[in-house]
Amino acid sequence: MAAITALKYSRQREAIKSYLASTTSHPTADTVYMHVREDFPNISLGTVYRNLSFLVEQGEVLSLKLGDGKEHFDGHTEPHYHFICTECGKVEDIFMKELQINKIAQDHFDGIIKGHQTYYYGICPKCNKKD
């Protein structure tokens, strides 16, 4: 039986988590890197990528594919949905009662459904006022 080892505490990883928890902008790794560098000027982009991958793997951060070819990150892991403005590209969180999509899909699939991501598209309030 393999021994369970405790994960070494990392101030850099905690800074990444803290930044993601403080923003609703759904940043890319490059944006996370720019912000974390303010407190850790010697941190490398590779370290940020490795820590983001680890945090996603551990379920502490969400990885989002928003259709722009970049991976975005969300520090808010409670169930919620995302709205993407087709005009300005802004991404906003939508907190509403969770849809029972997993159960419905499971009823029509012989495998095991573990989760889903749903994106809503349209025009955000700010862009809507411009029209």
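Modeller: Contact here means heavy atoms within 4.5 Å. With that cut-off, what covers the buried residues of α2 includes α1, α3 and β2. The model is a predicted one.

Start with the geometry of α3. The helix runs over residues 45–57, which makes 13 residues.

Next, burial. Buried means under 20% relative accessible area, and exposed means over 50%. In α3 the buried residues are T47, V48, N51, L52 and L55. Viewed down the helix axis, the buried residues of α3 fall within an arc of 130°, so they line one face. The face turned away from that buried side carries R50 and E57, which are exposed.

What does the buried side of α3 pack against? Its partners are α1 (11–22), α2 (29–36) and β2 (71–74).

Leaving aside residues up to four places away in sequence, N51 touches R13 and I16.

After α3 comes G59, with a positive phi near 80°.

Now α2, one of the packing partners of α3. A29, V32, Y33 and V36 are the buried residues of α2. Down the axis of α2, they fall within an arc of 100°, so they too line one face of their helix. As noted, the cover over these residues includes α1, α3 and β2.

T28 lies in the loop between α1 and α2. Is T28 buried or exposed? Its relative accessible area is 15%, so T28 is buried. Residues up to four places away in sequence aside, T28 touches K70, E71, H72 and F73. T28 and Y120 are 92 residues apart in sequence, and their C-alpha atoms are 19 Å apart in space.

P41 sits in the loop between α2 and α3. Its relative accessible area is 55%, so P41 is exposed. Along the chain, P41 and C85 are 44 residues apart. Their C-alpha atoms are separated by 34 Å.

Finally, the whole protein. It has five helices and five strands. In sequence order the pattern is α-α-α-β-β-β-β-α-β-α. The C-alpha trace spans about 45 × 45 × 25 Å along its principal axes. Of its 131 residues, 33% count as buried. Take the contacts between residues at least 6 apart in sequence: 47% of them join residues at least 24 apart. The protein exposes about 9200 Å², and carbon and sulfur atoms supply 53% of that area. On charge, there are 15 positive and 17 negative side chains. The centres of these two sets lie 4 Å apart.

Definitions and conventions. Residues numbered from 1 in each chain as written. Predicted model: local features only at pLDDT ≥ 70, side-chain atom pairs only at ≥ 80, totals over all residues. Heavy atoms only, no water. Helix = DSSP H or I, 4+ residues; strand = E, 2+ residues; numbered from the N terminus. Expected span 1.5 Å × (residues − 1). Buried < 20%, exposed > 50% of the residue type's maximum accessible area, 1.4 Å probe, protein only. Arc of directions from axis to C-beta. Areas by Shrake-Rupley, 256 points an atom, 1.4 Å probe, with all protein chains shown as cover. Lys, Arg positive; Asp, Glu negative; His and termini not counted. Charge placed at Lys NZ, Arg CZ, Asp CG, Glu CD.
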